[in-house]
Amino acid sequence: MNAKATEQLAAGTGKPPVKKRTFSGVQPTGNIHLGNYLGAIRNWVVGQAQYENIFCIVDLHAITLPIDARELHENTRKLAALYLAVGLDLEHCKLFVQSHVQEHAELTWILNCFTPMGWLNRMTQFKTKAADDLDSVSNGLYSYPVLMASDILLYHAHYVPVGDDQRQHVELTRDIAQRFNSLYKQPVFTLPQAQIRDVAARIMSLSEPTKKMSKSDPDPQSRINLLDDPKVIKKKIGRAQTDSERLVKFDPQRPGITSLLSIYQAITGKEQAVIEAEFEGKGYGDFKAALTEQLVATLEPIQKRYYEYINDMAELENILKQGADAVRPIAQETVCNVKTVVGLG
Ligand code: ATP
Ligand code: MG
């Protein structure tokens with residue numbers, strides 16, 4: 001059934017309107033950090049009752065760059081435990097592992113054949129990740145945005161809550177969907193919208209504040225991980241790069257202090273002006289101490305719950321299996337429809 005038919009079915013039945021659907025995911029490529037949490041995952045938690053949610057651990061994306069097999073397998077479970085620990089509720093959300101639903105790979109191949117190279121050549125993430133290594137990076141890294149488009153389009157997601165760095169990929173997803181729909185003159189795919197919050201949409205590296213905080217950054221000092229203990233957090237915030245001005249103010253010209261302030265803003269929920277007033281006449285030392293205190297208080301309960309989930313591996317595996325079983329029929333229906341439309345089979 002296509003997207004329009006689903007909505008038509010819901011309309012006029014006297015039933016409450018069907019909730020809009022969200023889809024998002026995180027790669028199990030390493031330690032989940034504050035950027036992932038504040039830019040993406042926390043927003044999933046906040047909006048979860050309002051939507052029908054599908055959240056994925058995108059392990060097929062994680063192999064687009066070299067990764068150790070055991071590490072990938074373990075990271076996948078750790079990320080599932082963190083999804084639950086931050087407050088995703090199975091009543092509102094389906095959680096699953098991307099490779100457990102084979103339709104992600106199948107739709108990706110088909111959409112690869114409908115995506116002009118010129119569109120992929122414009123993707124900035126590929127340029128950053130491939131760096132100077134263009135001859136040896138994988139075809140998978142190049143086609144990463146098509147896999148992401150398939151993830152979203154398989155489930156007819158309306159919203160994609162992500163950090164600012166993924167804006168371009170969601171736009172590409174819309175372009176691919178639009179092109180496919182108009183080529184076959186039918187609404188096969190729903191056009192998704194990126195959901196990017198104003199605050200903390202791009203948390204910067206603590207050591208190089210002109211770069212975004214990333215799991216794959218080889219420098220562990222560059223990020224605060226959700227599982228860092230209080231001593232490590234204190235040390236990392238203490239060493240976080242700022243500047244010589246010593247003014248605790250939001251200022252795009254000073255990305256170091258501004259990124260730390262936006263972390264503080266996201267955690268406390270205070271307005272920028274209130275925060276600036278709070279630290280007027282105070283230095284970076286006072287601000288960093290307050291930020292550390294807030295971070296520890298935010299992360300401690302998450303960490304406590306994380307260890308409860310990760311220590312019950314059988315239950316975690318069961319949750320992931322149930323999640324995949326629940327979403328698979330949606331993915332199968334989409335792929336079946338796409339194949340018919342294209343003339344495959
Ligand atoms: P990698 O370095 O392996 O690409 P990553 O840290 O970029 O890892 P992803 O798994 O690629 O994390 O992204 C997961 C989600 O976190 C996405 O929605 C992405 O937009 C968001 N995100 C990643 N980094 C940041 C950041 N620094 N600030 C805000 N959001 C972020
Ligand atoms: Mg990334």
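I looked up Tyr142 and found it buried, at 14% relative accessibility. Buried stands for under 20% relative accessible area, exposed for over 50%, and partly exposed for what lies in between, using a 1.4 Å probe and protein chains only. The model is predicted, so local features need pLDDT of at least 70 and side-chain atom pairs pLDDT 80 or more, while totals for chains, interfaces and linings use all residues. Residues are numbered from 1 along each chain as its sequence is written, chains are lettered from A and ligands numbered from 1 in written order, and side-chain values use heavy atoms, without hydrogens and water.

**Rings**

I asked myself how many aromatic pairs the structure holds. I counted 14 aromatic pairs. Rings of Phe, Tyr and Trp (its six-membered ring) pair if their centres lie within 6.5 Å; planes under 30 degrees apart are stacked, over 60 edge-to-face, and the rest tilted.

I then picked Trp44 and Tyr83, an edge-to-face pair with 5.3 Å centre to centre and 75° between the planes. This pair links distant parts of the chain, with Trp44 in helix α2 (residues 34–47) and Tyr83 in helix α4 (residues 69–85), 39 residues apart. Helices (H or I, at least four residues) and strands (E, at least two) are DSSP runs, numbered from the N terminus. Trp44 is buried at a relative accessible area of 1%, and Tyr83 is buried with 1%.

Back to Tyr142: with Phe126 it forms an edge-to-face pair, 5.2 Å centre to centre and 75° between the planes. Phe126 is in helix α7 (residues 124–130) and Tyr142 in helix α8 (residues 139–154), so their pair ties together parts 16 residues apart in sequence. Phe126 counts as buried, at 14% relative accessibility.

I also noted a cluster in which ring pairs link Phe114, Phe180, Tyr184 and Phe189.

**Ligand 1**

Which residues come nearest to ligand 1? Of the 23 residues around it, I found Lys129, Asp165, Lys212, Lys215 and Ser216 nearest. A residue is near if one of its heavy atoms lies within 4 Å.

Next I checked atom distances. An oxygen atom of ligand 1 is 2.7 Å from a side-chain N or O atom of His33. A nitrogen atom of ligand 1 is 3.1 Å from a polar backbone atom of Gly35, and a nitrogen atom of the ligand lies 2.9 Å from a backbone N or O atom of Met213. Finally, I noted that the protein covers 97% of the 600 Å² of accessible area that ligand 1 has on its own (Shrake-Rupley method, 1.4 Å probe).

Notes: A polar contact is a pair of N or O atoms within 3.5 Å; within protein, one must be able to donate a hydrogen and the other to accept it, and residues adjacent in sequence count only if both atoms are side-chain atoms.
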